[in-house]
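Hi,

Here is the structure I promised to pass on. Have a look at it first, and my notes follow below.

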Amino acid sequence: MRRDIFQAIADPTRRSIIALISLQAMTPNAIAENFNTTRQAVSKHLRILTECDLLKQEHQGREIYYSLEIEKMKEIDKWLSQFREIWEIRFNQLDDVLSTIKKNEK
């Protein structure tokens, strides 16, 4: 079953896992040490993120290392960029209005 990527990143724990893994690949146990929750709960979050292709697994001996899937993160960034452009335009318009107000006050 494919999960919705935005639903997956809506969860604060999963966002924290993404931030943690963005620094370096980690094992599930190493990830779980950073959270005040059970190892099973972290495994569930990892499974959801993997199903969304946000994380990839690499087997090294008996260990599994999770790392960030950069291409999928780029998809999220691309989707967000359209809103970023709108926000920047609106902030620039607000700056113009505030500058005009300051000039009129003098």
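A quick definition before anything else: contact here means heavy atoms within 4.5 Å. This is a predicted model, so to speak of local features I need pLDDT of at least 70, side-chain atom pairs count only at pLDDT 80 or more, and totals for chains, interfaces and linings use all residues. Residues are numbered from 1 along each chain as its sequence is written, and side-chain values use heavy atoms, with hydrogens and water left out.

Overall layout

The protein chain has five helices and two strands; helices (H or I, at least four residues) and strands (E, at least two) are DSSP runs, numbered from the N terminus. Reading from the N terminus, the order is α-α-α-α-β-β-α.

The C-alpha atoms fill a box of roughly 70 × 30 × 20 Å along the principal axes.

Of the 106 residues, 25% are buried. The classes are buried under 20% relative accessible area, exposed over 50%, and partly exposed in between (1.4 Å probe, protein chains only). Among contacts with a separation of 6 or more, 50% join residues 24 or more positions apart.

The core

The largest nonpolar core has 21 residues, and Ile17, Ile21, Ile31, Leu46, Leu49, Leu54 and Leu55 have the most contacts inside it. By nonpolar core I mean a set of buried Ala, Val, Leu, Ile, Met, Phe, Trp, Tyr and Cys residues joined through side-chain atoms within 4.5 Å. Two or more residues come from each of helix H1 (5–9), helix H2 (12–23), helix H3 (28–32), helix H4 (39–51) and strand E2 (63–68).

Which residues does Leu46 touch? Not counting residues up to four places away in sequence, Leu46 touches Ile17, Ile21, Pro28, Ile31, Leu55 and Tyr66.

Ser67 sits in strand E2. Is Ser67 buried or exposed? Ser67 counts as buried because its relative accessible area is 17%. Beyond its neighbours within four places in sequence, Ser67 is in contact with Ile21, Ala25, Leu54, Leu55 and Lys56.

Thr13 belongs to helix H2 and is partly exposed, with a relative accessible area of 25%. Setting aside neighbours within four places, Thr13 is in contact with Phe35 and His45. Asp53 has a positive phi of about 65° although it is not a glycine. For context, most residues other than glycine have a negative phi. Asp53 is partly exposed, with a relative accessible area of 33%.

His59 lies in strand E1 and is exposed, with a relative accessible area of 55%. The C-alpha atoms of His59 and Thr27, 32 residues apart along the chain, are separated by 9.8 Å.

Cheers
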